[in-house]
Amino acid sequence: MATIRIPPVLRPSVGGEREVEADGATVGEVLASLVEAHPATREQLFGDDGDLNRYVNIYLNDEDVRVLSGLATAVTEADSLVILPAMAGGARPSLGS
Amino acid sequence: MSQSGGELLRQVKEQITEVDPSEVAQLLGEGVVIVDCRETEELTAGMLPGAVHIPRSYLETRIEGLVPDRSQRIILYCASGVRSAFGAHTLMAQMGYDDAESMAGGFTLWKDRGYEVELPRSFSAEQRERYSRHLLVPEVGVEGQQRLLDARVLLLGAGGLGSPTALYLAAAGVGTLGIVDDDVVDLSNLQRQVIHTTDRIGTGKVDSATETIKALNPDVNVVGYPTRLDASNIIEIIEGWDIIVDGVDNFPTRYLLNDASVRLGIPVVSAAILGFEGQLSVFAPGHGPCYRCLFRQPPPADMAPSCGANGVIGVLPGTMGLLQATEVIKLIVGAGEPLIGRLLMYDALAATFTELKVRQDPQCPICSRDPAEIADGELGVFPDYEAFCAASG
């Protein structure tokens, strides 16, 4: 079971958990297990084509899986995955609506 | 047996190596540490180019911070070569330095021979006192403080992140601070926007921040932009600044800023916060990835909450803003490893920091190109931009 770190924006989709564990031998399999257990995460992680959404980065430990083998990257039980969606909180909006 | 000062000096000079100014002139910039051991008041006539200043009375206590390597070649000088001879002798005989020498004739002979002199812009007595704790830090020192005073840093927003950043950069003596913000101080801001005060509710944030900064440090020149950053004014506003501090809470402005800063080659110290979590990275054009390398496109509006809608614990922008200020100061004084190509995640509830690698994307639509080719019409544009902005209202 690899550990997946859940960012604040996805926590409502996994029952408020900060970390969840999921089975799988590759990044794709681990994420598929996550989606199966928590279906609400699907549209936030994957596009209609089954690829990762471009605004979500997945890191195997500290490395972006896109520079590894993407969803085919091998995962061991000792690994942790970090889901990193773009975040923009800070000052108030300074661009006109 | 007591000795006269003259005898002691003669003995010391027999035990050390004295270097002629002509040889020192050849060694400037060649990896030899040149230490000016005169008193601060004597520096007004100038220093050898590239020399560091440690008054003779502090030599023993400060030299290790500056030169930890005992095998490093060091040349000391003073006004005439007496104090530097004693200093070199102490470093060799008592502190274990292998190669500490004294420049014969000191600064007086150097100047008489017409060698180059660097005139330090002198600090006022008040500045020496105000920045005394910086001057004691080897990574800052006189030179670093000078750089801080010469630096121009633009803050996007005087809000949650911008407040602590502005306060500490002003305290540090960053000479010119720009602030872009068209908002006015609201009561609900004061839980985290610590540069403003209760009696300034309703006042423009630029004016309020300026007042606080001036009261804290009159050395700082504040340039206010009480306006909204958009594609029509961004180049004009950010051009000429050394570093930009980004803490805006919406994606269109982040992408706009990224593209414009890549075009102009200005580093951006960027932070984002939500709830109890923060992200921090430094995007330095030409030295590492840009924001678009990290996130090629923003999430859809319904998945991109801002803290206005979701709330933020008041101390979090303080923590993240000060991490930004720290990166800014590191960039200015040239100390340490800037957070380029790395993203730092802070989880306040877990009290953990996690570091992720950010890779430069060879296919990046912006930073993989010649900056001069980035056209006005491309700045801040991303797929579905119109829909995004419509949805985010």
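Biologist: How many helices and strands does chain A have?

Modeller: This is a predicted model, where local features need pLDDT of at least 70, side-chain atom pairs count only at pLDDT 80 or more, and totals for chains, interfaces and linings use all residues. Residues are numbered from 1 along each chain as its sequence is written, chains are lettered from A and ligands numbered from 1 in the order in which they are written, and side-chain values use heavy atoms, without hydrogens and water. Helices (H or I, at least four residues) and strands (E, at least two) are DSSP runs numbered from the N terminus. By that count chain A has two helices and five strands.

Biologist: Which pattern does chain A follow along the sequence, and in what order do the strands of its open sheet stand?

Modeller: Along the sequence the pattern is β-β-α-α-β-β-β. Two strands pair if DSSP finds at least two bridges between them. With mixed pairing, the five strands of chain A form an open sheet in the order 2-1-5-3-4.

Biologist: Why is one side of strand 2 and of strand 4 of chain A left without a neighbour in the sheet?

Modeller: Strand 2 (19–22) and strand 4 (63–64) of chain A stand at the edges. One side of each is left without a neighbour because each has a single partner strand.

Biologist: Now chain B. What share of its residues count as buried?

Modeller: Chain B holds 16 helices and 13 strands. Its C-alpha trace spans about 90 × 50 × 45 Å along the principal axes. Buried means under 20% relative accessible area, exposed over 50%, partly exposed in between (1.4 Å probe, protein chains only). Of the 393 residues of chain B, the buried share is 50%.

Biologist: What is the strand order in the open sheet of eight strands in chain B, and what is its average twist?

Modeller: The pairing is mixed, and the order is 8-7-6-9-10-11-12-13. Strand 8 (221–225) and strand 13 (352–357) of chain B are the edge strands, each pairing on one side only. Angles run from 0 to 180 degrees between N-to-C directions, with axes fitted as lines to C-alpha atoms, for helices over the stretch in contact. From one strand to the next, the twist averages 15°.

Biologist: What angle does the direction of helix 12 of chain B make with that of strand 10 of chain B?

Modeller: Within this sheet, strand 6 (residues 152–156) and strand 7 (residues 176–180) of chain B run parallel over five bridges. Contact means heavy atoms within 4.5 Å. Helix 12 (residues 251–264) of chain B packs on the sheet and touches strand 6, strand 9 (243–246) and strand 10 (268–274) of chain B. Its direction and that of strand 10 of chain B make about 170°.

Biologist: Is Asp246(B) buried or exposed?

Modeller: Asp246(B) lies in strand 9 of chain B. Beyond neighbours within four places in sequence, its contacts include Leu156(B), Arg254(B) and Gln324(B). With a relative accessible area of 3%, Asp246(B) is buried.

Biologist: Which residue is the bridge partner of Asp36(B) in strand 4 of chain B?

Modeller: Strand 2 (residues 33–36) and strand 4 (residues 74–77) of chain B run parallel, joined by four bridges. Strand 2 of chain B also pairs with strand 3 of chain B in the parallel sense, over two bridges. In strand 3 of chain B, Asp36(B) stands opposite His53(B). In strand 4 of chain B, its bridge partner is Tyr77(B).

Biologist: What is the relative accessible area of Ile74(B)?

Modeller: Ile74(B) is found in strand 4 of chain B. Not counting residues up to four places away in sequence, it touches Val33(B), Val35(B) and Ile63(B), among others. Ile74(B) is buried, and its relative accessible area is 0%.

Biologist: How much space lies in the largest pocket?

Modeller: The search uses a 1 Å grid over the protein atoms alone: a cavity is a set of points where a 1.4 Å probe fits but cannot get out, while a pocket is an open set with protein on both sides within 12 Å along at least five of seven lines. Grid points are joined across faces, edges and corners, and a volume is the space filled by probe spheres set on the points. The largest pocket has about 1,100 Å³ of space.

Biologist: Which element gives the largest share of the lining of the largest pocket?

Modeller: Lining residues have an atom within 4 Å of a point. There are 40 of them, and the closest to the centre of the pocket are His53(B), Leu135(B), Gly141(B), Val142(B) and Glu143(B). The largest share, six residues, comes from helix 8 of chain B.
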